[in-house]
Amino acid sequence: MSFESITGYASEESIGQNMSLLKSGRQSKEFYMDLWKAIQESGQWKGTLWNKRKNGELYHESLHIRRFATPLGMTCYVGVFSDISEQDKLQRALIDAQKRELMTVMAAGIAHNFNNYMQAIMGYAELGRGQPTTEKMAYFFSGIISVAERSARLVKEMLKFSHPGETDDGMFDLSTVVQQAIDTAASMLPKNIEFVANLSANKPCLINGNNSDIEQTVLNLVANARDAVDGRQDAKISVELEASDKIPHKCRSICAQMHCPINTSRHAILKVKDNGPGIPEEIKNKVFDPFFTTKEPGKGTGLGLASAKQIITRLGGAIWLDSYELAGSSISICLPLLSGMIYEI
């Protein structure tokens, strides 16, 4: 039996037992409360979680639970699961490959900005050294400190981003991580591109996952948008984040079409938009395929959107494209938030 081979428990050890037998301890009490609430409200739950084999080894599992009633009126539950540990390894390899591509872009942007900052440091230092007035000295040296701090942040982001991805999940604030990614993305955009951020979700939006994955996803999407608007005189990129406890009609219809696993109204929607040429209708369904790219040879690996989809799927969310030729593109991401972590905005 697949159950025996995956969990290590023989039939006689598991039949009649509670499923808590497999609990890994990595999910919170609130996670299971949300899971069962979703089953009671919609009749099913689909997502991923960590369980524990008989030998104590943890494994990542894809699980789909459905509720049904028997002819005698009894309520029963059926769960279908699979071990996705190997898929996780392939996903991490895909993500790391995309990180290496982004590092090349970031390094060029950071080096350019770092040189500019260093020139400013030298200029402020010279002005400060030549001023006898204490107040002016304080002003100029404050400028030195400010620019130096910005330089340090750029280098710190580059070093952090270059480390291999870690798979440890935890609870974090989506708004904070998206803002950090926006700050980093700004350093790799040319000055002729208008970059707008609207994070109306200005109160904590807590989710379970790996915060570096979200940061990388935002950077990937902004990098794609940058390439899409390359050469435009009125180039513009925007990043939006909104949290809600009411599912908007657009999200409801899109998620229904994609069989979105989100079975709760507590969610956040992240959008990255550009005013580029858009995506032709005939290739829209290919943009999330690994190694598919519309860029010229040598300018992209085709892994950005593929790795973004892998990440968002792992977090139990959905990702989709809205695009029209000559009218720009928008990538939207819908993520479930932890119970009790939605605020009025």
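1. D234 has a relative accessibility of 46% and therefore counts as partly exposed (buried is under 20% relative accessible area, exposed over 50%, partly exposed in between, with a 1.4 Å probe and protein chains only). Its salt-bridge partner is R232, with N and O 3.1 Å apart; the term stands for a side-chain nitrogen of Lys or Arg within 4 Å of a carboxyl oxygen of Asp or Glu. R232, at 31%, is partly exposed too.

2. The model is predicted: local features need pLDDT of at least 70 and side-chain atom pairs count only at pLDDT 80 or more, while totals for chains, interfaces and linings use all residues. Residues are numbered from 1 along each chain as its sequence is written, and side-chain values use heavy atoms, with hydrogens and water left out.

3. A salt bridge also joins K273 and E240, at 3.4 Å from N to O. K273 belongs to strand β8 (residues 267–274) and E240 to strand β7 (residues 236–244), so this pair ties together parts 33 residues apart in sequence. Strands (E, at least two residues) are DSSP runs, numbered from the N terminus, as are helices (H or I, at least four). K273 is partly exposed at 30% relative accessibility, and E240 is partly exposed at 28%.

4. R53, E57 and D83 form one network, joined by salt bridges that share partners.

5. In the salt bridge between R226 and D227, the closest N and O atoms are 2.9 Å apart. R226 is buried, at 14% relative accessible area, whereas D227 is partly exposed at 30%.

6. Over the whole structure, the search finds six salt bridges.
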